[in-house]
Amino acid sequence: MSDLGARRLVVGVSGGSGIPYALAVLRALHHLGTETHLVVSSGAKRVMSLEGGPQLSDLTELAHTVHDDRDLGASIASGSYRTAGMLVVPCSAGTLAKIAHGFADNLLARAAHVTLKERRRLVLVTREDPLPRPMLQNMLLAHDAGATLMSASPGFYHAPRTVDELLHFVTARVLDQFGLEAGGFQRWGEA
């Protein structure tokens with residue numbers, strides 16, 4: 001893979017609650033100088049408007065390139081466009097189902113399909129609880145297809161005092177999956 005492809009990540013944001021996780025990951029990637037290609041689902045845009053937290057402009061200002069989720073002709077829809085992989089944070093149950101079953105009706109799902117097809121790293125950060133049987137089955141299908149499933153569940157051994165520290169924990173664990181160092185992250189057993 002070219003050096004550029006190794007420093008390029010696709011970031012998908014779907015309609016699950018937890019947009020602050022997406023913002024934290026994008027901030028960390030921006031700080032690391034990683035080229036990010038952002039695609040935000042219509043469901044995520046709706047969640048943003050309802051939750052009143054980070055808004056679309058907060059995410060897009062941190063991305064190198066922003067793609068319309070309806071644009072199935074975008075660069076990230078093709079396997080010939082080299083990337084180091086993709087992450088979806090948060091990954092809604094609906095997006096998980098699309099990825100697990102190869103239903104690529106929007107750019108986010110198509111980019112995830114391409115990532116699996118090309119055997120690149122795909123990390124899906126789910127946030128829903130409790131987990132019904134269909135979601136568990138979809139998680140297993142996505143895993144068996146090559147995706148890494150993570151829950152947006154921070155640890156507490158580092159004695160976090162703020163919400164930002166909780167977000168940073170999940171961000172650091174997500175970036176670990178791509179061999180990237182978030183910095184300022186206290187690992188288990190490290191002082």
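Modeller: Start with residue classes: Ala, Val, Leu, Ile, Met, Phe, Trp, Tyr, Cys and Pro count as nonpolar, Asp, Glu, Lys and Arg as charged, and the others, Gly among them, as polar. The model is predicted: local features need pLDDT of at least 70 and side-chain atom pairs 80 or more, while totals for chains, interfaces and linings use all residues. Residues are numbered from 1 along each chain as its sequence is written, and side-chain values use heavy atoms, without hydrogens and water.

Biologist: How do the residues of the lining of the largest pocket divide?

Modeller: A pocket, on a 1 Å grid over the protein atoms alone, is an open set of points where a 1.4 Å probe fits, with protein on both sides within 12 Å along at least five of seven lines; lining residues have an atom within 4 Å of a point. Here the lining holds eight nonpolar, three polar and three charged residues. Leu23, Ala24, Arg27, Asp164 and Leu167 lie nearest the centre.

Biologist: Which element gives the largest share of that lining?

Modeller: Helices are DSSP runs (H or I, at least four residues), numbered from the N terminus. Helix 2 gives the largest share, seven residues.

Biologist: Which residues of helix 8 are buried?

Modeller: Buried means under 20% relative accessible area (1.4 Å probe, protein chains only). In helix 8 these are Leu167, Phe169, Val170, Thr171, Ala172, Val174 and Leu175. In helix 2, the buried residues include Leu23 and Ala24.

Biologist: What follows helix 2?

Modeller: Glycine 33, with a positive phi near 80 degrees, follows helix 2.

Definitions and conventions
Buried means under 20% relative accessible area, exposed over 50%, partly exposed in between (1.4 Å probe, protein chains only). Helices (H or I, at least four residues) and strands (E, at least two) are DSSP runs, numbered from the N terminus.
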